[in-house]
Amino acid sequence: MKYGLLLMEVAARVGVDPPDRVALLTRSVLVALAVRLSAERREQVAGRLPSTLGELVRSTKHMRKGTAVGLVHDVAEGSLGTTPERARYGVQAVLSALADVDPQLAEVIRADLPADYGELFTAPGDGPPPDRAASAAEEVPTNLSGAQVRAALRHLPGWRGDTRQLSRTVSMRPELDAAMMDRVHAAESELQHRAAVERSGPDTTFRVWTHSTGVVTDLDVELAERITDAIEGF
């Protein structure tokens, strides 16, 4: 199993995210999982993981079996410092990615755990996504109709799209690009929601949609507005 491939699969499930954040999520889930595995099973798992993650699992001591809910709470209260709802989404992202990349490894892990852990190996999609701000008024972003998207686009200069995705391409001078991206990342952190960023020569394209539902929500419009502010600030 290649480390980069696993992180890419995790990132695809939680939305485009800085690599260090995706790596932190993956490590946190594997540590919480490792403490629930027997020494023999832990060694089997470590041997099939990329060396960096394998050593992390191998060095973790067995502490308890516990429930699937307990694992989610461990991840939420550990280094991620997030809510159980978002942590569950992250756990499912990591374990379903692991199951896709190495189905045999997933079966080895599941064989050592109670049956209720099985649902954590399914890809996330139902329930609150991890990219919902903790202070948001609603637990789940609201899907937008075609008319609502068109109305939003009238107030988003340079953006285009439909109910599936919004996008905007900008060309920024190199000396301003880093500062613009710093502002974009700050907005993403505040909203706990990420944009997909593509670069081609001098052009940078931002794409936003809510990955848990596969459509545009009010949260995406809010992020697009914040990206616009970051762009127009130069």
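Me: Of the contacts between residues at least 6 apart in sequence, what percentage join residues at least 24 apart?
Reply: The figure is 71%. Keep in mind that this is a predicted model.

Me: OK. How many helices and strands are there?
Reply: The protein has ten helices and four strands. Along the sequence the pattern reads α-α-α-α-α-α-α-α-β-β-α-β-β-α.

Me: And what share of the residues is buried?
Reply: Of the 234 residues, 46% are buried. The exposed surface comes to about 11,200 Å², with 52% of it supplied by carbon and sulfur atoms.

Me: Now the sheet. In what order do the strands sit?
Reply: The order is β1-β2-β4-β3, in an open sheet with antiparallel pairing. β1 (160–161) and β3 (196–200) are at the edges with a single partner strand each, so one side of each has no neighbour in the sheet.

Me: What holds strands together in general?
Reply: Strands of a sheet pair through backbone hydrogen bonds, in a parallel or antiparallel sense.

Me: How many bridges between β2 and β4?
Reply: Six, in the antiparallel sense. Serine 167 faces arginine 207 in β4, and valine 170 faces threonine 204 in β4.

Me: What about β3 and β4, how many bridges there?
Reply: Five bridges join them, and the two strands run antiparallel. Serine 200 has aspartate 203 in β4 as its bridge partner. β3 and β4 make a hairpin with two residues between them. In that turn, glycine 201 has a positive phi of about 60°.

Me: Back to valine 170. Buried or exposed?
Reply: Valine 170 is buried, because its relative accessibility is 9% and the cut-off for buried is under 20%. Its place is in strand β2.

Me: What does valine 170 touch, sequence neighbours aside?
Reply: Leaving out residues within four places in sequence, valine 170 is in contact with Met180, Pro202, Asp203, Thr204, Phe206 and Ile231.

Me: Take phenylalanine 206 from that list. What is the C-alpha to C-alpha distance to valine 170?
Reply: It is 8.4 Å, with valine 170 and phenylalanine 206 lying 36 residues apart in sequence.

Me: How far apart are the end C-alpha atoms of α10?
Reply: They are 21 Å apart. Helix α10 (residues 218–232) has 15 residues, so at 1.5 Å a residue it should span 21 Å, and the two values agree.

Me: Changing topic: threonine 26. Which helix is it in?
Reply: Threonine 26 is in helix α2, residues 19–34.

Me: Why is threonine 26 classed as buried?
Reply: Because its relative accessible area is 0%, and anything under 20% counts as buried.

Me: Which residues does threonine 26 contact, again leaving out those within four places in sequence?
Reply: Threonine 26 is in contact with Leu6, Leu7, Val10, Leu53 and Val94.

Conventions:
Residues are numbered from 1 along each chain as its sequence is written. This is a predicted model: local features need pLDDT of at least 70, side-chain atom pairs count only at pLDDT 80 or more; totals for chains, interfaces and linings use all residues. Side-chain values use heavy atoms; hydrogens and water are left out. Buried means under 20% relative accessible area, exposed over 50%, partly exposed in between (1.4 Å probe, protein chains only). Contact means heavy atoms within 4.5 Å. The expected span of a helix is 1.5 Å times one less than its number of residues. Two strands pair if DSSP finds at least two bridges between them. Accessible areas come from the Shrake-Rupley method with a 1.4 Å probe; for residues, only the protein chains shown count as cover.
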